[in-house]
Amino acid sequence: MNYKHVILGFFIFIIGQILVWLQVNGPLLWPWAREWRWGLLLLGIPITWLFQEATALLVTGFDGNFWPSRFISFTAGIIIFSIMTYLFKAETITIKTALSLTLAFGIIMIQLFWK
């Protein structure tokens with residue numbers, strides 16, 4: 001395992017997930033985002049590039065295995081969704097959500113440390 005590739009890939013996924021949250025949920029929250037929907041759609045191009053790069057880094061970091069990159073991208077999405085929804089919608093983290101986040105963290109730990 002190449003931790004440099006894994007860490008960089010994870011952080012790129014985080015950036016991509018933040019942008020996706022803003023792209024998808026922005027029009028529901030802010031008038032400017034509703035008016036610029038086509039611009040937000042075009043944002044999908046660089047977001048896709050970010051996800052492709054992150055996936056390539058993670059697959060390389062996990063010695064060519066695809067599954068770890070899928071689990072890490074899913075987990076990054078869950079974590080970012082929880083944080084962004086709390087910050088912009090003030091939706092609290094319920095016990096169910098906290099348990100889901102704990103499980104998501106567990107998925108990352110399994111992928112990183114289980115040989």
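Helices here are DSSP runs of H or I with at least four residues and strands are E runs of at least two, numbered from the N terminus. This is a predicted model, where local features need pLDDT of at least 70, side-chain atom pairs count only at pLDDT 80 or more, and totals for chains, interfaces and linings use all residues. Side-chain values use heavy atoms, with hydrogens and water left out, and residues are numbered from 1 along each chain as its sequence is written.

View 1. The C-alpha trace spans about 50 × 35 × 20 Å along its principal axes. Of the 115 residues, 34% count as buried (under 20% relative accessible area; exposed is over 50%, partly exposed is in between, 1.4 Å probe, protein chains only).

**View 2. A nonpolar patch on the surface.** Met1, Tyr3, Ile7, Phe11 and Phe113 make up this one, with about 500 Å² of accessible area together (Shrake-Rupley, 1.4 Å probe, only the protein chains shown counting as cover for residues). Patch members need over 30% relative accessible area and no salt bridge, with nonpolar side chains (Val, Leu, Ile, Met, Phe, Trp, Tyr) joined within 5 Å and like charges within 9 Å. A salt bridge puts a side-chain nitrogen of Lys or Arg within 4 Å of a carboxyl oxygen of Asp or Glu. Met1 sits in the segment before α1 and is partly exposed at 33% relative accessible area.

**View 3. The largest pocket.** It holds about 170 Å³ of space, the volume being that filled by probe spheres set on grid points joined across faces, edges and corners. A pocket is an open set of points on a 1 Å grid over the protein atoms alone, where a 1.4 Å probe fits, with protein on both sides within 12 Å along at least five of seven lines; lining residues have an atom within 4 Å of a point. Among the lining residues are Phe81, Tyr86, Glu91 and Ser100. Both α5 (67–89) and α6 (95–113) give two or more residues, and α5 has the largest share, five. The lining splits into four nonpolar, five polar and one charged.

**View 4. Two loop residues with positive phi.** Asp63, not a glycine, has a phi of about 55°; it lies in the loop between α4 (44–61) and α5 and is exposed at 60% relative accessible area. Ala90, not a glycine either, comes in at about 60°. Ala90 belongs to the loop between α5 and α6 and counts as exposed at 56%.

Technical notes
Ala, Val, Leu, Ile, Met, Phe, Trp, Tyr, Cys and Pro count as nonpolar, Asp, Glu, Lys and Arg as charged, and the others, Gly among them, as polar.
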